[in-house]
Amino acid sequence: MSFESKSVKRPTRAEINLDNLEFNFNSVKEFTGGGLVMAVVKADAYGHGAVECARRLESAGVDWFAVALTEEGVELRESGIRKRILCLGGFWEGQERELLNHSITPVIFDLDSARRFDNAASEGRMVAAVHVKIDTGMGRVGVPFRQAREFAASLRSLQNLRVEGLMTHFAAAENPSENDFTSLQIQRFHDSVFEFRNAGHNPQILDLANSPGAVAHPESRSNLIRLGGVLYGLGQDVLPQNIENPELKPVMSLHSQIEFIKNVAPGETLGYGRTFTVERDSVIATLPIGYRDGYRRGLSNQGKVLVGGKVAPVVGRVSMDWTLIDVTDISNVEVGDDVVLFGGDGDNEITAADLAQICDTISYEITCGISPRVPRKYVG
């Protein structure tokens, strides 16, 4: 006797709604008045799947893509993405030809990298476009704004580079109490643009506005906006809530199913460390998802899920592969019932921002943290 082999997998999954992704792109573009849009798809599109998201956004009319690593850009190219790609994080020594061969534009912020890229472009008998990042107050990477004149002059000696764009990154554009500092960053950037033009460069793209900058600071929009979290519907905790915001729809939802149900008597304890003591006759369900999947341990005894559209609390510590929930107050719960860990079900919704608030982080970290062992199911 032989048995047909079927690929049956654990029911834990992340659903990615590509219709909502396209909706958010169009919503923010209309809200900001049009112009060039760069879609940030670094970190596997904030955990949503860079290739599938980029394909949908390319068909929707996005102008540029942004990645953090050369490897991320190469993955997009090898998957058929043809729109311009900017590598925000620079590049490591030895990656120069890979960037050129795949038509990936690097961000430059130090002379050593600039010289190496110039040499590689010279060997390829081409003039290669670069964007220069100015540090106007983020304090991370970038040419310090006070050194813009000196840096611009030094680049003039590199005959195989063309400064196509200048960019910066806001430190606190989402915080209204920091508006004066954001305005200072904008002024420092424009002062740096003047220095580059005065040195003989002709940057065509001026790129200041990230997601909160594009929404909350119209003066930062220039001729290109750089959209990250808002594309994925993650505006609840990264956009100012006291101003008008574009309509956004969540793109990712996280699902699993009940695998085991048991009756537990008062006085029994649950999970590692015995952090939850049952106080009544209870029905406890076990879900095949844990912190290895990205459902954070910080949600222990604090998180909530949706079962049949009704709220059930997380009880006990979230472990590596399992999470316990209390379904005592939900009738007719059975093994195999679908569970929404974040997303909507009926009249109720749990957002990534809700989980982030419990874990003292932001929604970006929640979606980025959904691990590769959770398959992405693309809908729409």
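Predicted model: local features only at pLDDT ≥ 70, side-chain atom pairs only at ≥ 80, totals over all residues.

Analyst: Residues are numbered from 1 along each chain as its sequence is written, and side-chain values use heavy atoms, with hydrogens and water left out.

User: Why is Tyr46 called buried?

Analyst: Buried means under 20% relative accessible area, exposed over 50%, and partly exposed in between (1.4 Å probe, protein chains only). Tyr46 has a relative accessible area of 8%, and therefore counts as buried. Tyr46 belongs to helix α2, a helix being a DSSP run of H or I with at least four residues, whereas a strand is a run of E with at least two, both numbered from the N terminus.

User: What makes Arg274 exposed?

Analyst: The relative accessible area of Arg274 is 59%, so Arg274 is exposed. Arg274 sits in the loop between β13 (269-270) and β14 (276-277).

User: What makes the phi values of Tyr46 and Arg274 worth noting?

Analyst: Most residues other than glycine have a negative phi. Tyr46 has a positive phi near 55°, and Arg274, also not a glycine, has a positive phi of about 50°.

User: How do you know that Arg77 has no salt bridge?

Analyst: A salt bridge requires a side-chain nitrogen of Lys or Arg within 4 Å of a carboxyl oxygen of Asp or Glu. For Arg77, which is buried, the nearest side chain of opposite charge is Glu58, 5.9 Å away; Lys and Arg count as positive, Asp and Glu as negative, and His and the chain ends are not counted.

User: Which backbone oxygen lies 2.8 Å from a polar atom of the Arg77 side chain?

Analyst: That oxygen belongs to Ile81.

User: Where does Arg77 lie, and what is in contact with it?

Analyst: Arg77 is part of helix α4 (residues 70-78). Beyond its neighbours within four places in sequence, its contacts (heavy atoms within 4.5 Å) include Arg84, Ile85 and His102. The buried residues of α4, among them Val74, Leu76 and Arg77, pack against elements including α3 (50-60), β4 (84-87) and β5 (104-108). Just after α4, Gly80 takes a positive phi of about 100°.

User: How many residues does the protein chain have, and what percentage count as buried?

Analyst: The chain has 380 residues, of which 51% count as buried. Its secondary structure comprises 11 helices and 21 strands.

Conventions. Polar contact = N/O pair within 3.5 Å; in protein donor to acceptor, adjacent residues only side chain to side chain.
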